[in-house]
Amino acid sequence: MQSNQFSDKFPHAPGGLGGLGYVGIDAPDPIGWRRFAIEVCGLEPALIPPGPREAGMPVLGGGGPDEAGVAPDGSVFLKMDRRQWRLAVHPAETPGLAYLGFELPLEGDLDAAMESISKSGVSIRAGTSQELEARGVGDLAVMEDPAGHRIELFCRPIIDQPMNSTSDIEFLTGSLGMGHAVLFVPEIEPALEFYRGVLGFLRSDYMRFGPDGMGIHFLRCTRRHHSMALVQLGPPSGLQHLMFEATSLDGVGKTLDRAIDAGVTITSSLGRHRNDKTVSFYMKGPSGFDIEIGWGGLLVDEDWVEHEFAGGGDDWGHHGLDPSALLPDE
Ligand SMILES: [Fe+2]
């Protein structure tokens, strides 16, 4: 087993990271995103959006049902468990990934992580007090991956009440993080060196689509089979999809019903992935990239051995999901 990258305190988290803690995205229409996230995905508006409070008093749920979870700058914050928030949608002309936040579960590890990352030659800086307030975390560090994606490490996130979804869904989070993100990268080798060599992710498995590094690599930092996957298909870089994991198959099925009822484009039918055994479907989110809703993902033990797999990525289903379908919209 690879030794912990940052400290020896996390026998359950071989890379030192505690999972994908939060995701920020840019979108021209955060309110449209809010509607999709609540009414289709089953998330809940953040009870108190992070950020400065007037006169030091929290504003519970904003000023009305249409304003809950909306911060003064128009950003939308959404929760999926006891965390204050997990998904943020920031107003921007160009849609895309704004940042990924990975959690360091124990006090003191952020300093160790920053020192280790700096020594590897990657530029990393401490978050400003305004950034800490905007994220609702106790401490924060900021860097970029080789493809220019903003990657943040944080600790001590704000905790509040459990999610109370109106959609009869519960998400599998906790020490596994909020799900996974799949990123397009223009060159796979520098990206693998950064995520595996510098941040300490372990590769669970990988699949090659073609020559010159084309393929997908599944990386973990908790027992979840992958918290991140990297895809090289060509020049584009960006977010390909986010996965949220329901605690029941019914949660997936009911979300599929809501998506169809709402007229959301289903980009991949229900199916079971061959590698992590997740049963899921994919739908087109409001700003280009897909959202996968899954259930039953594999939890990996310490003795897991990485391997290459071929001949398709699914045991059954997932019609519409093939390498050409992964290409981003023009
Ligand atoms: Fe996925």
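Entry 1: The model I am reading is a predicted one. I then followed the two strands: β10, residues 202-208, pairs with β11, residues 215-220, in the antiparallel sense, with 6 bridges.

**Entry 2: the sheet around that pair.** I traced an open sheet of 10 strands with mixed pairing, in the order β17-β10-β11-β12-β9-β13-β16-β15-β14-β18. I noted β17 (307-308) and β18 (314-317) at its edges; each has a single partner strand, so one side of each lacks a neighbour in the sheet.

**Entry 3: the other sheet.** I traced an open sheet of 8 strands, again of mixed pairing, ordered β2-β3-β4-β1-β5-β8-β7-β6. Here β2 (44-45) and β6 (124-126) are the edge strands, and because each has a single partner strand, one side of each is left without a neighbour in the sheet. Within this sheet I examined β7 (residues 137-144) and β8 (residues 150-157), which I recorded as antiparallel over 7 bridges. Glu144 stands opposite Arg150 in β8.

Entry 4: I found helix α1, residues 30-41, lying across β1 (20-27), β2, β3 (76-79) and β4 (87-91), and I noted an angle of about 160° to β4. Helix α2, residues 109-119, packs on the sheet and touches β6, β7 and β8, with its direction at about 10° to that of β7.

**Entry 5: helix α4.** Which residues of α4 (residues 188-198) are buried? I listed Ile188, Ala191, Leu192, Phe194, Tyr195 and Val198. These buried residues pack against α2, β11 and β12 (228-232). After α4 comes Gly200, for which I recorded a positive phi near 90°.

**Entry 6: helix α5.** I checked the length of α5 (residues 249-261): its 13 residues reach 19 Å from first C-alpha to last, close to the 18 Å expected at 1.5 Å a residue. I listed Gly251, Val252, Thr255 and Ala259 as buried in α5. They cover an arc of only 100° around the axis, and therefore lie on the same side of α5. On the face turned away from the buried side of α5, I found the exposed residues Asp250, Asp257 and Asp261. Gly263 follows α5, and its phi is positive, near 75°.

Methods:
Residues numbered from 1 in each chain as written. Predicted model: local features only at pLDDT ≥ 70, side-chain atom pairs only at ≥ 80, totals over all residues. Pairing = 2+ DSSP bridges. Helix = DSSP H or I, 4+ residues; strand = E, 2+ residues; numbered from the N terminus. Contact = placed C-beta atoms within 7 Å. Axes fitted to C-alpha atoms, helices over the stretch in contact; angles between N-to-C directions. Buried ≥ 20, exposed ≤ 12 C-beta atoms within 10 Å, placed from the backbone. Expected span 1.5 Å × (residues − 1). Arc of directions from axis to C-beta.
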